[in-house]
Amino acid sequence: MRLLFDGASLIGELSPARECRLYQPVRRAAQSSLRGLAAWGHGARPMSGAGARHPFEPARTFLYIVRMKRFIVPLVAAIIASSPAMAQSGAGNFTLVNRTGADIVSLMIRRVGTSEWQPLNGNPAMGSRTAVAFANPDCAFDVQARLSDGKTATFTAVNLCDVTTVTLNRGPTGNLWVDYD
């Protein structure tokens with residue numbers, strides 16, 4: 001919006017920008033620009049010229065938003081539906097690394113919130129790694145490792161989705177944690 005408070009604007013003459021057709025000529029106001037605005041009444045505005053509707057007025061903005069929603073919502077839905085990562089989520093094969101401080105004698109696994117343990121192949125020695133073949137549509141599991149020193153380490157809520165390497169760790173004080181790659 002351009003406001004001019006000089007004589008050129010009152011008689012309809014503008015700066016050299018007029019030749020470039022960047023701005024429309026300003027209409028000559030009656031005696032004061034405030035009287036000219038008041039003459040249009042409450043909310044009534046002309047459709048062109050001085051005081052014309054702005055392209056971002058609520059009525060036009062609302063229609064624009066409705067039209068964009070009709071276009072964008074199906075587009076986003078199509079992108080999400082065609083995404084292979086979303087469609088094939090779940091736990092898959094991974095490499096297990098043993099950093100528990102002892103050899104793993106046996107591995108058991110269960111979904112979080114269930115009580116049935118199932119055997120899991122792979123018993124890596126301390127510091128070694130082994131490939132584990134596993135497939136499940138869920139992501140969160142509890143992994144239980146029976147160690148050669150007679151202790152049992154239970155790693156809770158292990159995320160097996162979209163990981164390639166899972167490292168089971170046990171600190172000197174017995175605290176347990178999992179690292180992912």
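The strands themselves (E, at least two residues) and the helices (H or I, at least four residues) are DSSP runs, numbered from the N terminus.

You're looking at a predicted model, where local features need pLDDT of at least 70, side-chain atom pairs count only at pLDDT 80 or more, and totals for chains, interfaces and linings use all residues. Residues are numbered from 1 along each chain as its sequence is written, and side-chain values use heavy atoms, with hydrogens and water left out.

**Stop 1: the whole chain**

Colour by secondary structure. Of the 181 residues in the chain, 24% are buried; here buried means under 20% relative accessible area, exposed means over 50%, and partly exposed is in between (1.4 Å probe, protein chains only).

**Stop 2: the mixed sheet**

Select β1, β4, β7 and β8. These four strands make an open sheet in the order β4-β1-β7-β8, with mixed pairing. β4 and β8 are at the edges with a single partner strand each, so one side of each has no neighbour in the sheet. On average, neighbouring strands here are turned by 25° against each other, direction ignored. For that angle, axes are lines fitted to C-alpha atoms (for helices, over the stretch in contact), and angles run from 0 to 180 degrees between N-to-C directions.

Now zoom in on β1 and β4, which pair in the antiparallel sense over four bridges. Pick threonine 95, and its bridge partner in β4 is alanine 131.

Across the sheet, show residues 165–170 (β7) and 176–180 (β8): five bridges join these antiparallel strands. Click leucine 168 and look over to valine 178, its bridge partner in β8. The two strands form a hairpin with five residues between them, and glycine 174 in the turn has a positive phi of about 95°.

**Stop 3**

Start with asparagine 98, in strand β1. Is asparagine 98 buried or exposed? Buried, at 0% relative accessibility. Its side chain reaches the backbone oxygen of proline 124 at 3.0 Å. This is a polar contact, meaning a pair of N or O atoms within 3.5 Å; within protein, one must be able to donate a hydrogen and the other to accept it, and residues adjacent in sequence count only if both atoms are side-chain atoms. Leaving aside neighbours within four places in sequence, the residues in contact with asparagine 98 include Asp103, Pro124, Met126 and Leu168; contact means heavy atoms within 4.5 Å.

Next, select asparagine 93, in the loop between α4 (84–87) and β1 (94–99). Asparagine 93 is exposed, with a relative accessible area of 54%. A polar atom of the asparagine 93 side chain lies 2.7 Å from the backbone nitrogen of phenylalanine 134. Those two residues are 41 apart in sequence, yet 4.8 Å apart in space, C-alpha to C-alpha.

**Stop 3**

Cysteine 139 sits in the loop between β4 (129–132) and β5 (140–147) and cysteine 161 in the loop between β6 and β7, so the pair ties together parts that are 22 residues apart in sequence. The torsion about the S-S bond is about -90°, so the disulfide is left-handed. Cysteine 139 is partly exposed at 30% relative accessibility, whereas cysteine 161 is buried at 9%.

**Stop 4: the antiparallel sheet**

Finally, select β2, β3, β5 and β6. They form an open sheet in the order β3-β2-β5-β6, with antiparallel pairing. β3 (118–120) and β6 (152–159) are the edge strands, each with a single partner strand, so one side of each is left without a neighbour in the sheet. Neighbouring strands of this sheet are turned by 30° against each other on average, direction ignored. Strand β2 (residues 104–111) pairs with β3 over three bridges; select isoleucine 109 and you'll see glutamine 118 of β3 standing opposite.

Key: Pairing = 2+ DSSP bridges. Disulfide = S-S within 2.5 Å.
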